[in-house]
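Please read them with the coordinates open.

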Amino acid sequence: MSNSFTSLRHELIQLSEPVRDYLRKIQYKPPEGSNVSVKSMLESLLPTKNSTPNSNSSENEFFEEVKDFSLCCALLVSCEGSKCGLISWIPPKLSILAKAAFQELSKVLSDCLDVKHPKRIGELGLDLTLLSNEERLVVELMIQVLPLLKESIKTSSIDGSDDGDDILAASARTPVAYAVVAAYQLRWFVTQVDYPHMGKLCFLVIPCALTALDHWSPEVKGQGMISFIHLAKNVNPSELSWYEDVILDACCQNIASSDDIWHLVVEMSVLLVTCTQQSNPRSPWYERILNEMLGHLERQPKNKDRRIAWLELVEPLLNAVGLLLLAHFRSIFPLFFKWMHADDDQTVLLVLKRTQTVMKLTWIRNTPYVERLVDELVVLFKEAALRRAREDIRTHVLQILVLLQKCKGLQFEAAWEKHRDDPNLTTLASFFSERYIVPVVE
């Protein structure tokens with residue numbers, strides 16, 4: 001190894017020492033049911049302190065150590081805030097140390113070694129002048145590590161037709177811990193690159209992220225979903241055109257995911273379908289994804305976390321489908337009617353906002369739900385007296401009724417007639433008789 005590489009390796013070891021020392025002090029016990037030591041895995045990725053490089057050592061061997069150390073940092077940084085038992089033992093300070101070490105490593109390789117592989121990165125169509133030192137190193141590493149991470153995830157995967165016994169067999173063959181670790185590392189690498197550079201890396205990122213989505217473990221799936229969410233926010237639609245069918249099919253296949261990652265699959269699906277299909281409301285993908293989501297919600301209408309996540313994240317999808325939401329009214333309104341009387345104010349306020357969205361997009365034409373909607377809103381207006389958010393709820397109810405009056409005219413008047421003399425609806429009755437201006441709630 002040349003003197004320059006010897007010096008660089010010395011710096012790499014120096015950067016890794018704080019991580020090694022902190023890791024060594026941690027009392028670690030693998031989670032129950034796991035025979036994989038993540039701590040030992042991390043230690044094995046650190047450069048060997050006492051080895052002496054010989055004259056035959058090559059540049060490739062040095063960069064192999066850089067790659068391993070970067071994988072160690074990727075896992076340590078990506079575990080921040082994670083509740084996954086495999087990595088939740090990693091303290092925040094160690095994550096901070098790893099992040100700082102990687103940042104410093106990127107500077108060392110940029111300042112001390114003019115081996116930025118401009119040709120290799122240039123072949124991807126990336127403009128080196130727009131990349132920071134850290135981004136350059138990440139991109140260079142992604143070319144090497146993403147195929148390896150994909151393979152690590154795949155080894156404990158199963159076919160879609162397999163059952164629970166096959167999951168056990170797959171876990172026995174290759175412990176799922178390796179796939180979980182690889183998924184977290186994948187997510188870290190992907191989220192380090194933003195627009196406009198991410199689009200040039202789709203050919204690397206998408207196959208690996210799809211492999212994560214195909215895995216049976218919710219932990220692995222979740223990291224794949226976060227990767228796709230980042231991808232959708234940082235590419236142009238044209239850059240996904242070659243992959244859109246397989247990606248959207250994967251979204252549909254994962255809509256029935258577990259509670260812990262439901263919010264991720266909803267956000268991912270909404271972002272990807274609106275990004276790729278854009279202003280084409282007749283796209284079969286809009287219909288398929290919306291049907292999958294509504295069908296799943298119909299089976300679990302009382303699941304608070306799922307309904308809140310969907311109501312919070314679905315707005316862009318509703319806007320994209322527009323008038324064609326009429327075809328989904330049989331599923332949408334029965335759910336909305338149930339959720340208007342949910343125990344929590346958050347659900348009620350969200351469903352009222354989404355109801356206004358649907359009404360503005362469709363003018364609720366050709367629907368039998370007008371009378372039922374008026375009845376449900378009247379009941380909710382009364383119920384609001386016992387809720388903390390009663391003022392906001394009642395304001396939203398008034399706004400919806402006004403919109404109904406404008407778009408349905410006589411049909412609304414007929415539905416409202418039976419409530420007009422209700423002594424508990426004095427506010428509403430006076431409003432419609434005197435046409436007060438309803439304040440807007442954001």
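**Notes on the predicted model**

1. Lys 99 is found in helix H4, residues 92-112. Helices (H or I, at least four residues) and strands (E, at least two) are DSSP runs, numbered from the N terminus. With a relative accessible area of 45%, Lys 99 is partly exposed; buried means under 20% relative accessible area, exposed over 50%, and partly exposed in between, with a 1.4 Å probe and protein chains only. The C-alpha atom of Lys 99 is separated by 8.1 Å from that of Ala 74, and the two residues are 25 residues apart along the chain.

2. Basis of the values. The model is predicted, so local features need pLDDT of at least 70 and side-chain atom pairs count only at pLDDT 80 or more, while totals for chains, interfaces and linings use all residues. Residues are numbered from 1 along each chain as its sequence is written, and side-chain values use heavy atoms, with hydrogens and water left out.

3. Overall make-up. The secondary structure of the chain comes to 21 helices and zero strands. Of the 442 residues in the chain, 54% are buried. Among contacts (heavy atoms within 4.5 Å) with a separation of 6 or more, 76% are between residues 24 or more positions apart.

4. Largest pocket. The largest pocket has a volume of about 450 Å³. A pocket is here an open set of points on a 1 Å grid over the protein atoms alone, where a 1.4 Å probe fits, with protein on both sides within 12 Å along at least five of seven lines; lining residues have an atom within 4 Å of a point. Grid points are joined across faces, edges and corners, and the volume is the space filled by probe spheres set on the points.

5. Lining of that pocket. There are 17 lining residues, and Lys 83, Tyr 184, Glu 219, Gln 223 and Asp 260 lie nearest the centre. Helices H8 (176-191), H10 (218-233) and H12 (259-277) each supply at least two residues of the lining, and H10 gives the most, with five residues. By type, the lining divides into six nonpolar, six polar and five charged residues. Ala, Val, Leu, Ile, Met, Phe, Trp, Tyr, Cys and Pro count as nonpolar, Asp, Glu, Lys and Arg as charged, and the others, Gly among them, as polar.

6. Val 220. This residue lies in helix H10. Val 220 counts as buried because its relative accessibility is 0%. Not counting residues up to four places away in sequence, Val 220 touches Ile 153, Ala 179, Val 180, Ala 183, Ala 212 and His 215.

7. Aromatic pairs. How many aromatic pairs does a search of the whole structure find? The search finds 11. Rings of Phe, Tyr and Trp (its six-membered ring) pair if their centres lie within 6.5 Å; planes under 30 degrees apart count as stacked, over 60 as edge-to-face and the rest as tilted. One of the pairs, Phe 333 with Tyr 369, is stacked, at 5.4 Å centre to centre and 25° between the planes. This pair links distant parts of the chain, 36 residues apart: Phe 333 is in helix H16 (residues 329-339), and Tyr 369 is in the loop between helix H17 (345-362) and helix H18 (370-383). Phe 333 is buried at 2% relative accessibility, and Tyr 369 is buried at 17%.

8. Phe 337 and Tyr 369 form a tilted pair, 6.2 Å centre to centre with 55° between the planes. Phe 337 is in helix H16, 32 residues from Tyr 369, and this pair too links distant parts of the chain. At 1% relative accessibility, Phe 337 counts as buried. One aromatic cluster is formed by Trp 310, Phe 329, Phe 333, Phe 336, Phe 337, Trp 339 and Tyr 369.

9. Charge over a ring. The charged end of Arg 394 sits over the ring of Phe 381, 4.5 Å from its centre. The criterion is NZ of Lys or CZ of Arg within 6 Å of the ring centre and within 35 degrees of the ring normal.

10. Backbone points to check by eye. A cis peptide bond joins Tyr 195 and Pro 196, with omega about 5°; Pro 196 is in the loop between H8 and helix H9 (202-214). Gln 278 is not a glycine but has a positive phi of about 45°. Gln 278 lies in the loop between H12 and helix H13 (284-299) and is partly exposed, with a relative accessible area of 44%. Trp 363 has a positive phi near 55° and is placed in the loop between H17 and H18. Trp 363 is partly exposed, with a relative accessible area of 35%.
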